[in-house]
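Work through the exercises below with the sequence and the 3D view side by side. Each task is followed by its solution.

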Amino acid sequence: KGKWHLPQPKYEFLEFQTEQSHYRKYFSESPEIATYFSEAEVRDLIFDSSLNNGKIIIDREHLGNRKQRFPEKIRELEIEDFYDAIHKAIELAKRRIKRNYKTAIPHFYDGKIQFLLPLCMLSKKDADLALVVNKEESIYKAHTVLTLDQAYNNARLLAKPDREWLNP
């Protein structure tokens, strides 16, 4: 039994397989490099700003329940002004995405690709939050917001985030 009281495996790691490996002679071919996405899925890694005329439907109830994540100045707004501020920030994010598609950062959650969009609410330059957007058939739906730290942790699991707005 090992340190953790688990049975020891009947094998041991010798080395990584390389072209120069001593054990290379036992294998006729090296395996191909792993492919993580098909061609169809690659299309899902880029935010399509023309989908549904660029409209993003927000889940008002869920965003309202995450109000504590918003900057204090935005949290204190009357409910309709609160949602207007979100819509304005989404419009700004969509304009940024049209200029640079990397602004919409893909991340993988719950078995599907989602996008993180910058929500610049206190200034037009600096993101305050990340809006999480799902593609559902022919529309995009925003159902929650993440703090920038949460967004960075989620985004780096799939690819290195673009530094335009999401920095550690």
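**Exercise 1. State what share of the protein's residues count as buried.**

Solution. Of 168 residues, 33% count as buried, where buried means under 20% relative accessible area, exposed over 50%, and partly exposed in between (1.4 Å probe, protein chains only). The model is predicted: local features need pLDDT of at least 70, side-chain atom pairs count only at pLDDT 80 or more, and totals for chains, interfaces and linings use all residues. Residues are numbered from 1 along each chain as its sequence is written, and side-chain values use heavy atoms, leaving out hydrogens and water.

The accessible surface of the protein is about 12,000 Å², and carbon and sulfur atoms hold 51% of that surface. These areas come from the Shrake-Rupley method with a 1.4 Å probe; for residues, only the protein chains shown count as cover.

**Exercise 2. List the helices and strands in sequence order.**

Solution. Begin with the count: there are 5 helices and 5 strands. Both are DSSP runs numbered from the N terminus (helices: H or I, at least four residues; strands: E, at least two). Then read along the sequence, which gives α-β-α-α-α-β-β-β-β-α.

**Exercise 3. Work out the order of the strands in the sheet and find its edges.**

Solution. Step one: the 5 strands form an open sheet in the order β1-β5-β4-β3-β2, with mixed pairing. Two strands pair if DSSP finds at least two bridges between them.

Step two: β1 and β2 (105-109) are the edge strands; each has a single partner strand, so one side of each lacks a neighbour in the sheet. From one strand to the next, the twist averages 40 degrees.

Step three: look at one pair. β1 and β5 (residues 139-146) run in the parallel sense over 3 bridges, and Ile 57 stands opposite Lys 141 in β5.

α4 (residues 79-99) lies across β1, β3 and β4 (129-136), at about 105 degrees to β3. Axes here are lines fitted to C-alpha atoms, for helices over the stretch in contact, and angles run from 0 to 180 degrees between N-to-C directions.

**Exercise 4. Describe the surroundings of Gln 114.**

Solution. First locate Gln 114, which is in strand β3 (residues 112-119). With a relative accessible area of 2%, Gln 114 is buried. Leaving aside residues up to four places away in sequence, Gln 114 touches several residues, including Ile 105, Tyr 109, Val 132 and His 143; contact means heavy atoms within 4.5 Å.

The side chain of Gln 114 also makes a polar contact with the side chain of Asn 134 (2.6 Å). A polar contact is a pair of N or O atoms within 3.5 Å; within protein, one must be able to donate a hydrogen and the other to accept it, and residues adjacent in sequence count only if both atoms are side-chain atoms.
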